[in-house]
Amino acid sequence: MGKRQIKHLKTKYIANNITLYFHPEDHETANIVESACLRSISIIKETWHLSLSKRCCIYIMTSWIRFIFQFAPWYVRIYYVFYYFSWAEHFRKIWPDIGGWTLNYATRTVIGIKSPRLRDIKDINFNIGKIIFTPESDINKHIQHIVCHEMTHAFCASLKLPMWLNEGIAMITVDKFFEKMTVAKKPLEVMSMFSQKNRIAGYKNLIYMKPEEVAYNYLHGYWITRYLMETQPELLMEILSKKINEWVLYSKLTLSLNISQKNFWQDIDNKVTKYFSY
Ligand SMILES: [Zn+2]
């Protein structure tokens, strides 16, 4: 990929290591994506001191199958062909619900932004998103939101963060992009809902969860990450400075927050609720 052209797609070099691919009909969307991308990069660098560790391709996607196949490295494509029936059904199922997507391969990160030609204003506040975020009826702002969220994932890709933190960082970056809170639920509601009926999700078990449970996992991650950003900024920056394994991550958190490893989630939820109730 990189410098080579992809059939029927236009190419735009956005920044060092970042290329945008789009269908000629998505020319206007490409301009919105480009400027949202540049603004996101400067916010991500300034807020989290992160940089891109590998090449990043952004595709304004019109089909999931094209996004999966055309942008994967050749050896992953072979895997996709062999195991087609095990993954295709999953992608087909989630496709109507997603606005953006980041896939992290060894040599590149690939971001898909769904073309607004495939969406109408009614469905941009889709299933899971409408529980998490404040309503947004402006399609351009919606695209900017997705670009900023997914770009943050691309910058965090090499850190292999747990889902709650990875999503929390992305959602906070979006808040900074729009200079307002974009999340619809307050911490008290999130924490009490969460402890009642939700389990901590990793990306692998998301597909077995109901939309509401997925949404509350995102919100849970957002408020914990925001709590860390406000009360333990040095610790958070240290966690983001290099890849560490999860055991080390949770040890650092229990030590700095003075909570027990055994009741980690319960203790951290209590701290977050208490902190934001003032
Ligand atoms: Zn995300």
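These legends walk through close-up views of one predicted model. Residue numbers start from 1 along each chain, following the sequence as written. Since the model is predicted, local features need pLDDT of at least 70 and side-chain atom pairs count only at pLDDT 80 or more, while totals for chains, interfaces and linings use all residues.

**View 1. Helix 1 crosses helix 7.**
Here are helix 1 (residues 27-48) and helix 7 (residues 163-178), whose axes come within 10 Å and cross at roughly 115 degrees. Helices here are DSSP runs of H or I with at least four residues, numbered from the N terminus. Axes are lines fitted to C-alpha atoms, for helices over the stretch in contact, and angles run from 0 to 180 degrees between N-to-C directions. The crossing is right-handed, a label used when the near helix is turned clockwise from the far one by less than a right angle.

**View 2. The residues between helix 1 and helix 7.**
From helix 1, look for Arg 39, Ser 40, Ile 43, Ile 44, Thr 47 and Trp 48; from helix 7, the partners are Ile 169, Thr 173, Lys 176 and Phe 177. Two residues are in contact if their C-beta atoms, placed from the backbone, lie within 7 Å. By type, the residues of this contact are five nonpolar, three polar and two charged. For that sorting, Ala, Val, Leu, Ile, Met, Phe, Trp, Tyr, Cys and Pro are nonpolar, Asp, Glu, Lys and Arg are charged, and the others, Gly among them, are polar.

**View 3. The largest nonpolar core.**
This core holds 63 residues, and Val 33, Ile 58, Tyr 59, Ile 113 and Val 147 touch the most other members. Helix 9 gives the most to the core, with 10 residues. A nonpolar core is a set of buried Ala, Val, Leu, Ile, Met, Phe, Trp, Tyr and Cys residues joined through C-beta atoms within 7 Å. Zoom in on Ile 58 and you will find it touching Ile 18, Leu 20, Tyr 21, Val 33, Cys 37, Ile 111 and Ile 113, with residues up to four places away in sequence not counted.

Helix 9 (residues 211-231) has 21 residues and spans 30 Å from its first C-alpha to its last, close to the 30 Å expected at 1.5 Å a residue; the expected span is 1.5 Å times one less than the number of residues. Because 15 of its 21 residues are buried, helix 9 is largely enclosed by the rest of the structure. Buried means 20 or more other C-beta atoms within 10 Å of a residue's own, exposed means 12 or fewer, and partly exposed lies in between, with C-beta atoms placed from the backbone. Beyond four places in sequence, Ile 224 contacts Trp 164, Gly 168, Ile 268 and Val 272. The C-alpha atoms of Ile 224 and Val 272 are 6.4 Å apart, although 48 residues separate them along the chain. Tyr 227 is in contact with Lys 271, Val 272 and Tyr 275, again leaving aside neighbours within four places.

**View 4. Positive phi at Glu 179 and Asn 258.**
Glu 179 is not a glycine, yet its phi is positive, about 55 degrees. This residue sits in the loop between helix 7 and helix 8 (187-197) and is exposed, with 6 other C-beta atoms within 10 Å. Asn 258 follows helix 11 with a positive phi near 55 degrees. Asn 258 is exposed too, with 8 other C-beta atoms within 10 Å, and belongs to the loop between helix 11 and helix 12 (264-276).

Key
Helix = DSSP H or I, 4+ residues; strand = E, 2+ residues; numbered from the N terminus.
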